[in-house]
Amino acid sequence: MNATAAVILALAAGTYAFRLVGPLLHGRVTVPARVQELASAGAVVLLVALLATGALTESGGFAGWARPTGVLVGAVLAWRRAPFAVVVLAAAATTALLRLAGVG
């Protein structure tokens, strides 16, 4: 077995173990409320960081103003609870129109 296959099998076993631990320990381990709050906040921070890097960078540099503006339009519509299809289409249309107008 080569190294790549060994790494893939190890990651698969680890993933399965993480998924198995939840049902096995349910009810036996109690997580404090503060830890649950911190985990939720950490998840939000990671998602915002992913959104920011995806919206603002391309090939190691600034992506231009069209993409962040489209993301901002989508975020505002999602915050206002618009339907998902409307959010995606409005964000894409905003980005496309700005690029068509020559805004980077």
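Q: Is Thr 94 buried or exposed?
A: This is a predicted model, in which local features need pLDDT of at least 70 and side-chain atom pairs count only at pLDDT 80 or more, while totals for chains, interfaces and linings use all residues. Residues are numbered from 1 along each chain as its sequence is written, and side-chain values use heavy atoms, with hydrogens and water left out. Buried means under 20% relative accessible area, exposed over 50%, and partly exposed in between (1.4 Å probe, protein chains only). At a relative accessible area of 19%, Thr 94 is therefore buried.

Q: Which backbone oxygen does the side chain of Thr 94 reach?
A: Thr 94 sits in helix H4, residues 84–100. Helices (H or I, at least four residues) and strands (E, at least two) are DSSP runs, numbered from the N terminus. At 2.7 Å from the Thr 94 side chain is the backbone oxygen of Ala 90.

Q: Which residues does Thr 95 touch, not counting residues up to four places away in sequence?
A: Thr 95 is also found in helix H4 and is buried, with a relative accessible area of 14%. Contact means heavy atoms within 4.5 Å. On that basis, and with neighbours within four places in sequence left aside, Thr 94 is in contact with Thr 69, Gly 70 and Val 73. With residues up to four places away not counted, Thr 95 touches Ala 66, Arg 67 and Gly 70.

Q: What is the N to O distance in the salt bridge of Glu 58 and Arg 67?
A: A salt bridge is a side-chain nitrogen of Lys or Arg within 4 Å of a carboxyl oxygen of Asp or Glu, and the count comes to 2. Glu 58 is partly exposed at 40% relative accessibility, and Arg 67 is partly exposed at 22%. Their side chains meet with N and O at 2.7 Å.

Q: How far apart are the closest N and O atoms of Arg 34 and Glu 37?
A: Arg 34 and Glu 37 are 3 residues apart in helix H2 (residues 33–56), and so are separated by about one helical turn. Arg 34 is exposed at 54% relative accessibility, whereas Glu 37 is partly exposed at 47%. In their salt bridge the closest N and O atoms are apart by 3.7 Å.

Q: What kind of aromatic pair do Phe 62 and Trp 65 form?
A: The structure holds 1 aromatic pair. Rings of Phe, Tyr and Trp (its six-membered ring) pair if their centres lie within 6.5 Å; planes under 30 degrees apart count as stacked, over 60 as edge-to-face and the rest as tilted. Phe 62 is partly exposed at 48% relative accessible area and Trp 65 is exposed at 58%. With 5.1 Å centre to centre and 70° between the planes, the pair is edge-to-face.

Q: Where is Arg 81, a residue other than glycine with a positive phi?
A: Most residues other than glycine have a negative phi. Ser 59, in the loop between strand S1 (57–58) and strand S2 (61–62), has a positive phi of about 55° and is exposed at 78% relative accessibility. Phi of Arg 81 is near 65°, and Arg 81 is exposed at 76%. Arg 81 lies in the loop between helix H3 (66–79) and H4.

How values were computed
A polar contact is a pair of N or O atoms within 3.5 Å; within protein, one must be able to donate a hydrogen and the other to accept it, and residues adjacent in sequence count only if both atoms are side-chain atoms.
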